[in-house]
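Let's take a walk through this protein together. Have a look at the sequence and the model, and then read on.

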Amino acid sequence: MRADEEEAYVEYVRGRTVALRRTAFQLCGDWHEAHDLVQAALLKLYRHWSQASTAESPDAYVRRILVNTFLDQRQSWWARRVRTFAESADRPAPDPGTESRLDLMAALARISPGQRAVLVLRFWDGLDVSETARTLGCSTGTVKSQTSLAIAALRRLMPDYVRES
């Protein structure tokens, strides 16, 4: 990588790391895992910086790397073992007032990684249907159906939080 490309990469990473960590946390539900996920995605981004920097949207390019890294890790047998061990560890009691957020994070952890990715991209990152489809490499119809299925799953998992209209 040339010096000017490396400088552009470093500048991009400095400006986007916080947002990437936030997205990674919403995907995986654990700050330590989110940090690892962002590091893995940034390493992949470094390897492909020449393509990413000339892409129509470098943010969309890196977001796709991040989501694909998350989905790849969820499919590995090692990730399932580590997650099972981490879930059994003792955790300190949460602060009062965070129960609904914790309930939402627990419910998100119980839906499929693909559905979770759709919800995070659509509602936390604020992407529209077509941007989400491009990020995930699927059709807009798939995004719509997965969003619908994921919301229905959350409603089943969190019946006390469903608003009556």
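**Starting from one threonine**

Thr135 is in contact (heavy atoms within 4.5 Å) with Arg63, Arg64, Val67, Leu121 and Leu127, leaving aside its neighbours within four places in sequence. This is a predicted model, where local features need pLDDT of at least 70 and side-chain atom pairs count only at pLDDT 80 or more, while totals for chains, interfaces and linings use all residues. Residues are numbered from 1 along each chain as its sequence is written, and side-chain values use heavy atoms, with hydrogens and water left out.

You can find Thr135 in helix 8; a helix here is a DSSP run of H or I with at least four residues, numbered from the N terminus. Is Thr135 buried or exposed? Thr135 counts as buried because its relative accessibility is 2%, and buried means under 20% relative accessible area with a 1.4 Å probe, protein chains only.

Now turn to the largest nonpolar core, which has 39 residues. Such a core is a set of buried Ala, Val, Leu, Ile, Met, Phe, Trp, Tyr and Cys residues joined through side-chain atoms within 4.5 Å. Leu27, Leu42, Leu45, Leu66 and Ile111 have the most contacts inside this core. Helix 1 (3-28) is among the elements that give two or more residues to this core, as is helix 4 (58-75). The largest share, eight residues, comes from helix 1.

Finally, see how helix 1 and helix 4 meet: they pack at an angle of about 35°, with their axes 11 Å apart. Axes are lines fitted to C-alpha atoms over the stretch in contact, and angles run from 0 to 180 degrees between N-to-C directions. Leu27 of helix 1 and Leu66 of helix 4 are among the residues that make the contact.

How values were computed
Buried < 20%, exposed > 50% of the residue type's maximum accessible area, 1.4 Å probe, protein only.
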